[in-house]
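Please find below a colleague's note, written to be read alongside the sequence and the coordinates.

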Amino acid sequence: MNSGGMLYNILSLGVPFSVALMLASLGEMFNQRAGVFNLGCEGIMCMGAFLAFLPSFYLKAGPLVPYANLIGFIIAMAAGILLGLLFALVTVTFRADQGIAGIGLQLFGWGVAGVLFRHFVGGVTSLDGVAAWPVPGLSRIPYLGGILFNHTPMAYIAFMLVPASWYLLYKTAWGLKVRAVGTAPRAADSMGINVNRVRYQALMVGGAMAGLGGAYLTLCQARMFADDLVAGRGFIAVALVYFGRWSPVGIMGGALLFSFAQTLQLSIQVGGIKFPYEFAVMLPYVLVIIVLSLARKARMRGPAQLGIPFNREMRY
Amino acid sequence: MNKFKLAYSTGVVLLAVFCAMAVGAIVIKAVGASPMLTYLTIVTGPVQDLFGVTEVLVRAVPLILVALGIAISFRSGIINIGAEGQILMGILAATATALALPGLPKIVLLPLVLLAGAIGGGLWAGIAGVLRAKLGVNEILSTVMLNYIAAQFYTFLLRGPMIDPGELETGSGTPQSLRLPENAWLGRLIPETRLHMGLVLALVLAVAVYFLLWRTTWGLRLRAAGAEAKAARYAGISVDRSLIVAMLFAGAFAGLAGAVEVTGVHHRAIEGISSGYGFAGIVVALFGGLHPAGIVPAAVFFGLLLVGADMTQRTAGVPANMILVLQGVIILAIVSAKMYLNNAYAQERVAKFFARFKAPSVEPMKPGGQS
């Protein structure tokens, strides 16, 4: 294979690989902008991935069959919202430690998905999933068409969500509230913003997007479900928020860079270069640690009250 | 009033456990099993005979060790999620030491092997500690990533450099190391069971941790840095250093747990030794109130749950993953309950609420009331 072909493969595979990370990470951005560090993202993705699998597994005949995948996406989002609400109850209402609560939610989501999967499905089962939908016209552009315009509809939606999230965060009243409760909740409170309500809303948005990210993994990327399908992508999504400095465009860049690194690793293996498989799998996780270490100054631009519960009755 | 405080705390914890069990029951119902039967199996299944009881204690040993380490780190203000990876590194270091020096007498080799495990886990955790203290890297994220890296590294060594040569000869290729020399085995406490001397070690260390954290200036420094970093810094405590030290200790305990597992139970490094002790240890530490006196009973309780959960598949038709669900909801319930445990305001309101039932005559009568 020539290097041009390899580059094409890396790019055209890397773009769809980035979608699940990007969806979850954009959701996590809203959580963190509102001041809540949601490590449970991983658990929500597991639930989303599993629930998205169910409709197409069960609907074999009937009028709903063509919509099975759509139903899957909707159920995954609904479950994400519910888990987001659960996390909000624990961390916003009960003001629990967010890091530890996040691990709790991760174990919970992972465990529930695993229990239900083993009981109702049993073993790894593949499914048709969502077919790619080449954009008419644009997909026939040589080279670029295959990289950018030959993906599943969900991938296009995800990339459109990047400017949409930017608009929502910076150009709407709700976005301003989210940023306010994450940076200066006390000031926001004195201006009549219900801090806890905005944090609840942000966690619901984040949960829905994490659920969607999980559903994307099942229906568009892996086209199957297994216990360990998510494999830490939820944690990586959280790390990408730091890497992307809490901005939608930065997160998109991070997700793309990360997926390119991963597809590069895959094509190195396919290319037959001798390299222990385990080290190749390790690579993305090492990359996250390196990126987090280098992003030191980014802390300055993070939400000031990230991880700190708001207690209206406390005086400082 | 102190009596009331105790009753209040107990009530809050019981309520939290009840909520956790209720959520768990919903999941059990969803797979068509009976929650009562499942919970009954988990709690009573393992304690039918002596062997079951010893199995519970065998599971409790690594849980105590991991939870002690996590208590040190949490008390010092650094959240260690990486016990799972630190256990694996401890196993590798302990196994490598035992295999490299098989000729040494037991009295030298065994302590050396355990120490190697502790150092392996400690150094692995130290990475996250240094990154946090020097570069401000979020330790939760870095330890989670280190878990994945350690898991891959472990598999790599067991499939490659450290694999039992016999596995390659016979061609079965099971990823496992050579059997450790018997000089490196922990002795059995009760013959015919798997209960080993590690239990004694864990209990001794529990006492030691109590003294270190609550009876030495060193411990006070760590706890001060964890309770209020700014104030500690003002008092001249190097918070950065105490973060690193706490992480080294947390990792050392997890690594020791791995070394104890391999020298006490399995006698060789195999895949799946840890089986979730790293995460269960977090639950045990929280459930035990981050205090050795609470951690030991909590570890026995969760040892019971771990053994019991393995039985639910057979008796109640509930997959063994159920233990993850229970651990998850218990964590969520405990961290939620914390707000009410140390909340004088909530306590007062509950006290007032009960006072209404207890002594209605104390309340001043409203004029013209009682119709």
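The points that follow take up each chain, the contact between the chains, the nonpolar core and some individual residues.

1. The structure is a predicted model, and local features are discussed only where pLDDT is at least 70.

2. Overall form of chain A. The secondary structure of chain A consists of twelve helices and four strands. The C-alpha trace of chain A extends over about 65 × 45 × 40 Å along its principal axes. A compact globule of 316 residues would have a radius of gyration near 20 Å, and chain A has 20 Å, so the value agrees with that expectation. Of the 316 residues in chain A, 52% are buried. When contacts between residues at least 6 apart in sequence are taken, 78% of those in chain A join residues at least 24 apart.

3. Overall form of chain B. Chain B has 15 helices and zero strands. Its C-alpha trace spans about 95 × 60 × 35 Å along the principal axes. Buried residues account for 51% of the 371 residues in chain B. Among contacts in chain B between residues at least 6 apart in sequence, 77% link residues that are at least 24 apart.

4. Domains of chain B. Chain B is divided into domain 1 (1-31 + 324-348) and domain 2 (49-318). The centres of these two domains, taken over C-alpha atoms, are separated by 27 Å. Seven residues from domain 1 of chain B and seven residues from domain 2 of chain B make up the contact. Helix 14 of chain B gives the most to the domain 1 side, with five residues. The domain 1 side that touches domain 2 has six nonpolar, one polar and no charged residues.

5. The nonpolar core. Which residues touch the most other members of the largest nonpolar core? Within this core of 225 residues, they are Ala49(A), Ile64(B), Ala67(B), Val284(B), Ile295(B) and Ile331(B). Helix 11 (residues 239-266) of chain B gives the most to the core, with 17 residues. At least three residues are drawn from each of domain 1 and domain 2 of chain B. Ala67(B) may be examined in detail: leaving aside neighbours within four places in sequence, Ala67(B) is in contact with Gly281(B), Val284(B), Ala285(B), Gly288(B), Ile295(B) and Ala299(B).

6. Helix 3 of chain A. The 26 residues of helix 3 (residues 68-93) of chain A should span 38 Å at 1.5 Å a residue. The end C-alpha atoms of this helix are 36 Å apart, which agrees with that figure. Helix 3 of chain A is followed by Arg95(A), which has a positive phi, near 55 degrees.

7. Asp128(A). Asp128(A) is located in the loop between strand 1 (125-126) and strand 2 (133-134) of chain A. Is Asp128(A) buried or exposed? Asp128(A) counts as exposed because it has 10 C-beta neighbours inside 10 Å. Although Asp128(A) and Arg223(A) are 95 residues apart along the chain, their C-alpha atoms are separated by 6.4 Å.

8. Ala231(A) is not a glycine, yet its phi is positive, about 45 degrees. Ala231(A) sits in the loop between strand 4 (224-225) and helix 10 (233-243) of chain A. Ala231(A) counts as partly exposed because it has 17 C-beta neighbours inside 10 Å. Glu192(B) is likewise not a glycine and has a positive phi of about 75 degrees. Glu192(B) lies in the loop between helix 7 (165-170) and helix 8 (198-215) of chain B. With 9 other C-beta atoms within 10 Å, Glu192(B) is exposed.

Terms used:
Residues numbered from 1 in each chain as written. Chains lettered and ligands numbered in written order. Predicted model: local features only at pLDDT ≥ 70, side-chain atom pairs only at ≥ 80, totals over all residues. Helix = DSSP H or I, 4+ residues; strand = E, 2+ residues; numbered from the N terminus. Buried ≥ 20, exposed ≤ 12 C-beta atoms within 10 Å, placed from the backbone. Rg over C-alpha atoms; globule rule 2.2 N^0.38 Å. Contact = placed C-beta atoms within 7 Å. Expected span 1.5 Å × (residues − 1). Core = buried A, V, L, I, M, F, W, Y, C linked by C-beta atoms within 7 Å. Domains from an automatic or database assignment. Nonpolar A, V, L, I, M, F, W, Y, C, P; charged D, E, K, R; others polar.
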